[in-house]
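Subject: Structure handover, helix and aromatic contacts

Hello,

Here is the structure you were going to look at. My notes on one helix and on the aromatic contacts follow below it.

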Amino acid sequence: MSPEETKSRIPSFIREAVAEDLRTGRFTYVRTRLPPEPNGYLHIGHVKAFLIDYFTAQEFGGELYLRFDDTNPSKEETEFVDAIKEDAAWLGIKWVKETYASDYFDRLYEWAVRLIKMGLAYVDDQSQEEMSAARGTLPKGTKWSETEPNIRPGVDSPWRNRSVEENLDLLERMKNGEFPEGSRVLRAKIDMNHPNLLMRDPVMYRIMHIPHHRTGDKWHIYPTYDWSHGQNDSMEGITHSLCSNEYIIHRPLYEWFLEKLGEFPSRQIEFTRLNLTYAMMSKRKLRKLVESGVVRGWDDPRLTTLRGLRRRGVTPEAIINFITGLGETKNDSWVEMAQFEAAIRDDLNKRALRRMAVLHPLKLVIDNFPEGVTEEMEAVNNPEDPSAGTRKVPFSKVLYIEQDDFRETPPPKYYRLYPGNEVRLRYAYIVKCTHVVKDETGNVIEVHCTYDPATRGGDAPDGRKVKSTIHWVSAQHAIPAEVRLYDQLFTVEKPDDAELEEIINPNSLEVIENAFVEPALGEAKLGESLQFERTGYFCLDPDSRPGKPVFNRTVTLKDSWAKIEKKSK
RNA sequence: UGGGGCAUGGUGCAAUGGCAGCACACCGGCCUUUGGAGCCGUGGAUCUUGGUUCGAAUCCAGGUGCCCCAGCCA
């Protein structure tokens, strides 16, 4: 081992715990599991858990299982199973086995029978309301601190001491669908006065007359999370069951079941879940956004779903670098979206092909350039990566430049084009603005320049400095394109906590129908990272059609001019 | 005020009894054929009170604050 430890991609406290378990012989191998519930699409919040599971297995030479937590058929659909697999694979996560909680329904039932025979589980006929009241807590809606005492002892269910035979018979009949939903449940017999509410005889099975996406109508009872998850971990020989902090309180129950059953003692370790400002993580609200048409679908680039990020042009590497770069404590935390954007820029800067695109075109005429002549200018594809090579960009007498790059009366510190000023046209010539042409309402519709033929390529042989370089496209060679600019979807940092209607940013999408892009962008491919020079990072959108490409802006470039401009106001 | 978890710049982390450091953000400068990138620099933090110690972000005790739990959701 070198003195400089290899950089780990998992939180140190997890790494240390796992290493400790291996050292002490608690486990002789490492196996983790990814436990998504197939009831929605993956978003950035899930990725942290996915990566921790994946890298923990990887760093210890272990393996990762993908196990769908499909214990609630009223919410889950096969559609989501496929989507989750596709998204996880896109991220680069590899699993050795794909399993389902429902694979273990039979065995889990046997384990429940065992618990009944041990006198540790019973069928309860109380209604949901009765059970809730008997749990010994205050009525729903009461805040913890408003009243005293805020917790009362629980009351044993009148059905708590049924005979083993009766419990067995009732569970069997529950399973076969003989009783209506809500009429009975199977509960673990633990302690109705336990200070941890979860230990007050938790529900193991509930009756649901709903067909399951994998087991069909075989079952009329389905296990709860607490009864299923840990047992599945054990059955699969999962060594480390990594989950978010909200499950800390479940750990005693997790351990209770496995200890009583004497089964393989998987170990649960918790970490802080990812909170990202301006990102919506609530599945319910995400669904509402999609269904109400606020966004165009689950893959809308304004969403932080994996599909949205992918369509937006964010790469898996950027996401992984971002997440693993956060570090880890057990603190609740809110990560700023700016930090994610910085990771995206950092990644895209290294890989994006540079191109020129004019979003808001203004005609520029070079009066002393010959009519009907096209020159080919050599342009670098990526200054960060010489191996990306160069390309030819056609140049001619009439160009389009960005409206922002010309001012008839320049503000302070404005270095771009204005009458009498010189700028460099990137990879082409230095030009000097001579005059403008206006329409009848006074808008500048043409900027006229003269060019310096000695500056071909952009270098000034006389060593003269030009303060600014602007991008351009040749009018006769340009390809018309649609460009979609995105901004935050929400006006508040924590959209999950707010009412949807009140926080939608009405300007989160700006569609530019008539942009002009350089010919090379006609060959842009889906999934390719692009930078429109001086404007931002972009990618081709699947809505593109031959002759009319559509581009999404992933993130802007950092814009120092915008800052200067803002400050002077 | 039942149980559990957590407190370090604006944000996210590091420092495992020995000079509080890094990244993002912010501010300033250098450089530049992207006002990008890169480089350099400034400012800003140990929740509080006491204790142990030569020495405490770290150990101990009290206090304060925030988060989670009262689904037959996961």
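Predicted model: local features only at pLDDT ≥ 70, side-chain atom pairs only at ≥ 80, totals over all residues.

Helix α6

The buried residues in α6 are N167, L170, L171, M174 and K175. They lie on the same side of α6, because the arc they cover around the axis is only 140 degrees. What do the buried residues of α6 pack against? Their partners are one helix, α4 (105-117), and the strands β4 (121-124), β5 (185-188), β6 (203-207) and β7 (221-223). After α6 comes G177, which has a positive phi, near 85 degrees.

Charges over rings

K175, one of the buried residues of α6, has its charged end over the ring of Y109, 4.6 Å from the ring centre. Y109 also belongs to a cluster, joined by ring pairs, with F105, Y205, W219 and Y222. A further case is R214, which lies over the face of Y100 at 3.5 Å from the ring centre.

Aromatic pairs

Searching the whole structure gives 23 aromatic pairs. One of these is F27 with F264, a tilted pair with 5.8 Å from centre to centre and 45 degrees between the planes. F27 sits in the loop between α1 (12-24) and β1 (31-34), and F264 in the loop between α8 (251-261) and β9 (267-271), so this pair ties together parts that are 237 residues apart in sequence. F264, at 26%, counts as partly exposed.

Y429 and Y451 make another pair, with ring centres 4.7 Å apart. Why is this pair called edge-to-face? The planes stand at 75 degrees, and angles over 60 degrees count as edge-to-face. Y429 is in the loop between β16 (422-425) and β17 (430-438), while Y451 is in strand β18 (residues 444-451). The two are 22 residues apart, and the pair links distant parts of the chain. Both Y429 and Y451 are buried.

Regards

Definitions and conventions:
Residues numbered from 1 in each chain as written. Chains lettered and ligands numbered in written order. Heavy atoms only, no water. Buried < 20%, exposed > 50% of the residue type's maximum accessible area, 1.4 Å probe, protein only. Helix = DSSP H or I, 4+ residues; strand = E, 2+ residues; numbered from the N terminus. Arc of directions from axis to C-beta. Contact = heavy atoms within 4.5 Å. Phe/Tyr/Trp six-rings, centres within 6.5 Å; stacked < 30°, edge-to-face > 60°. Lys NZ or Arg CZ within 6 Å of the ring centre and 35° of its normal.
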